[in-house]
Amino acid sequence: MTWAYEELRAGTQAALAALIVPEMMAWIETGYATHRPFARDLNNGEKELLKRYFPPRYVEKVKVHYVSAFVRPELWGDGRGVTYYDAVTGGVIFVLQNGEDCDRLLLHEMVHAYQYKQLGLSGFCWQYILTWVKSGFVYREISLEDQAYTYVDSILGGNTERVGEYLGY
Ligand SMILES: [Zn+2]
């Protein structure tokens, strides 16, 4: 008999992800509710920036809360933002740490808002966690993060392709 290592590994990874995904979903729901009372609408400059690349109706749903200190999950290293999504209303809240280069930060989180819209909360969390587990827990190899970093580098480098065309979904 041969050991089906690949299948065993895939099954183990999926089982591990299944333990983590509900926690991530609960964390996002709690974060949304916690920040909702403090979040403001995007200002005109922020909207204008994001509407160059993202569907305007998505941008209109976004609220933002800037904070001076940011509590982040360990895996994010020195990340300065998080996107919370409410699956019921489709509402999006960016929680961003004050500092340099806010345009880059806004654009990065807007890619995540777009991903939430396309994949749904559960689909987003599954893809996020499964690719994290498969990479051996390497933050930069999470597929949804890689897309966000790559796309934002691309548009800040002068590419004007809109997000859906660039990501292909
Ligand atoms: Zn990110």
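**View 1. Pairing of β3 with β4.** Strands β3 and β4, the latter spanning residues 92–97, pair in the antiparallel sense over five bridges. Two strands count as paired if DSSP finds at least two bridges between them; strands (E, at least two residues) and helices (H or I, at least four) are DSSP runs, numbered from the N terminus. T83 stands opposite F94 in β4. The model is predicted: local features need pLDDT of at least 70, side-chain atom pairs count only at pLDDT 80 or more, and totals for chains, interfaces and linings use all residues. Residue numbers start from 1 along each chain as its sequence is written.

View 2. Four strands form an open sheet in the order β1-β2-β4-β3, with mixed pairing. β1 (40–41) and β3 (81–85) are the edge strands; each has a single partner strand, so one side of each lacks a neighbour in the sheet.

**View 3. Helices packed on the sheet.** Helix α1 (residues 5–35) packs on the sheet and touches β2 (62–67), β3 and β4. The direction of α1 makes about 95° with that of β3. Helix α4 (residues 102–134) also touches β2, β3 and β4, and its direction makes about 30° with that of β3. Contact requires C-beta atoms, placed from the backbone, to lie within 7 Å. Axes are lines fitted to C-alpha atoms, for helices over the stretch in contact, and angles run from 0 to 180 degrees between N-to-C directions.

**View 4. Crossing of α1 and α4.** The axes of α1 and α4 come within 8 Å and cross at roughly 130°. That makes α1 oblique to α4, since angles under 35 degrees count as roughly parallel, over 145 as roughly antiparallel, 65 to 115 as roughly perpendicular and the rest as oblique. Residues making the contact include L16, I20 and M24 of α1 and L121, C125 and W126 of α4.

**View 5. The largest nonpolar core.** Of its 36 residues, F54, V62, Y84, M110 and V111 touch the most other members. A nonpolar core is a set of buried Ala, Val, Leu, Ile, Met, Phe, Trp, Tyr and Cys residues joined through C-beta atoms within 7 Å. A residue is buried if 20 or more other C-beta atoms lie within 10 Å of its own, exposed if 12 or fewer, and partly exposed in between. α4 gives the most to this core, with 13 residues. Leaving out residues up to four places away in sequence, Y84 touches I28, G31, Y32, H35, I93 and V95.

**View 6. Q118 in helix α4.** Q118 is found in α4 and counts as partly exposed, with 14 C-beta neighbours inside 10 Å.

Conventions:
Two residues are in contact if their C-beta atoms, placed from the backbone, lie within 7 Å.
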